[in-house]
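Here's a quick tour for anyone meeting this structure for the first time. Have a look at the sequence and the model, then read on.

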Amino acid sequence: MAWIDWTIVGLYIASAIGIGAWFTRKASQGTSDFFVAGRSLGWFVAGTSIVATTFAADTPVFVSAMSRTDGIAANWFWWSVLIGQVATATIFARLWRRSEVITDVEFVQLRYGSGPITTVLRIFKSFFQGVGINCVIMAAVTLAMVKITTVLLGIDPQHTWIVLLVLGLVGLLYSAMSGLYGVVYTDIVQFSLAMVGSIGLAIIAYIDASSGDGLMSKLTTATEFKPELLQFFPRYDEISWPLFTFIVYIMVLWWASAPGKGYSVQRLLATKSERDAKLAFLWYAFLHYVMRPWPWIVVGILSLIYFPTVDDPEHVFPLMIDHFLPTGLKGIMVAAMLAAFMSTIDTHLNWGASYLVNDVYQPYMVKSATPNHYVWIARFVMVFIMAGAIIATTLIPDILSAFKFIGVFFAGIGTVMIARWFWWRVNAQTELASLIATVLVGTLVLVFVPNLEIDGEAVDRFGLRILITTFGVAAIWIPVALFSSTEPSKAAIAFHHKMQIGGIGWNKISPVHSALKVGLYEWVLVMSLLLCILLGTGKLLFHEWLVGGILMSVAALLVIPFMKLLKRARQS
């Protein structure tokens with residue numbers, strides 16, 4: 001890299017620290033300011049922050065690698081989550097903001113009331129999500145940065161820990177100083193850099209590949225190219241593991257994401273109003289599924305032309321950056337990757353600390369300290385979470401394996417996470433039973449349902465593990481709900497009166513008009529619009545003009561009712 005590239009990287013790091021210093025005093029006023037930014041975020045900032053956090057250093061690396069080795073259809077691993085996340089936007093976002101909790105774990109206190117089982121549930125979830133799952137995600141991000149720094153910066157893999165330690169400490173520094181304020185506003189800078197770099201890389205590679213003999217001609221003659229890599233769906237004329245996995249993705253995998261969780265809920269809780277919460281998640285869904293995917297996928301597919309054989313497919317994204325980007329734009333891209341790493345680290349540090357302080361330390365250990373005391377405890381907790389993530393980095397084999405490991409465990413609790421909003425019978429015993437069952441069933445399927453090798457090809461049985469875990473856990477928590485909750489509890493009645501959700505699941509307490517039908521209509525509308533744009537864009541990029549044109553035309557028609565939806569959201 002040239003001096004101008006390093007200057008861009010240095011300016012980003014300096015700006016991140018500067019933003020952290022700017023918000024330090026504001027964030028130190030109490031846990032509400034430190035963890036949910038005083039509930040002051042508008043929809044644009046909150047939504048962009050969510051998508052910036054999901055744009056970690058690992059995502060372009062594993063998406064480009066997955067597209068290169070398994071084809072475009074493999075992206076349904078994360079495209080299918082669109083179904084659940086649109087439901088978050090149209091059904092659950094307003095409800096989360098209405099709850100006025102600080103974390104999604106605190107929600108169990110609001111929903112189930114006080115009691116020993118609620119206490120156990122709240123503490124268990126705080127450590128399971130705030131430490132266990134959190135550290136695995138941060139480890140995947142760190143592993144991606146090892147690969148990026150090795151290729152782009154020419155650093156020996158044994159010495160990359162120095163770079164990562166410096167970046168991690170910078171992220172820890174500004175997030176500890178400024179809480180969620182600093183996290184979300186550095187996210188804006190990070191996402192801008194990341195999209196400029198990613199789109200620039202994809203355009204340059206696409207234009208170069210389209211010259212001479214043409215893109216499709218070059219692709220089809222590439223050493224490792226197979227026609228099925230450009231298929232958007234698995235073959236449906238024969239029974240196969242890819243087809244089975246796709247069906248599981250579409251029918252089951254998204255359930256766990258539908259009600260929202262983790263840092264995305266944290267951003268919804270930090271918004272100014274229910275209106276801002278809904279618009280924030282709609283904005284996130286647009287950026288996440290319309291703007292981001294194709295630059296990474298295009299780079300991964302086109303890498304077959306320029307790097308016919310590679311030892312590690314997760315190296316192709318940084319290799320393409322190094323091959324194509326000129327001075328200046330390369331600096332932006334490297335800064336974006338470093339920023340993406342820090343953006344995800346800062347979010348997970350703040351989010352993990354919010355669980356351990358707001359849901360363990362403050363309610364059960366030190367109940368009456370000053371607000372400033374809890375903020376300082378949160379800062380110390382961040383250091384320990386960072387150390388746990390470093391240890392976890394040594395235990396995961398690759399990025400995709402880490403995400404599939406998490407996917408198996410969250411699949412089990414997806415059904416109860418939805419049901420607790422709409423059915424009075426779900427209680428603390430029910431949710432605790434689902435968590436214990438998830439750990440047990442999830443562990444068993446990981447051990448006893450391994451991947452296979454058939455005719456010399458590896459067969460990923462992730463879909464089967466998801467299916468067994470989801471229905472196995474549901475078979476446990478549903479009977480627990482039926483037998484342990486025969487009459488509505490005081491907590492369920494209070495929750496119903498506060499939230500005013502309505503629907504058949506609450507009729508035993510009192511009938512309330514339900515907005516669920518409107519939410520379901522909006523869910524189908526937005527989901528259809530985003531899928532048409534997503535798939536239509538891809539078809540046009542790879543020269544399937546007729547199908548791409550039809551999909552984009554349908555999307556244009558769906559924009560009309562979607563604009564009416566936005567108008568209602570702004571007025572409400």
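## Cysteines

C135 counts as buried because its relative accessibility is 7%; buried here means under 20% relative accessible area, with over 50% being exposed and anything in between partly exposed (1.4 Å probe, protein chains only). C532 is buried too, at 12%. As for disulfides (pairs of cysteine sulfur atoms within 2.5 Å), the structure holds 0.

## What you're looking at

This is a predicted model, where local features need pLDDT of at least 70 and side-chain atom pairs count only at pLDDT 80 or more, while totals for chains, interfaces and linings use all residues. Residues are numbered from 1 along each chain as its sequence is written, and side-chain values use heavy atoms, leaving out hydrogens and water.

## Two helices packing

Helix α7 (residues 81-99) packs against helix α13 (residues 262-269) at about 65°, and their axes are 8 Å apart. Helices are DSSP runs (H or I, at least four residues), numbered from the N terminus. Axes are lines fitted to C-alpha atoms over the stretch in contact, with angles running from 0 to 180 degrees between N-to-C directions.

Which residues make the contact? On α7 they are T88, A93, W96, R97 and S99, and on α13 they are V265, L268 and L269. Contact means heavy atoms within 4.5 Å.

## Around A65

A65 sits in helix α5 (residues 58-70) and is buried, with a relative accessible area of 5%. Leaving aside residues up to four places away in sequence, A65 touches P313, E314 and V316.

A65 and A270 are 205 residues apart in sequence, and their C-alpha atoms are 35 Å apart in space.
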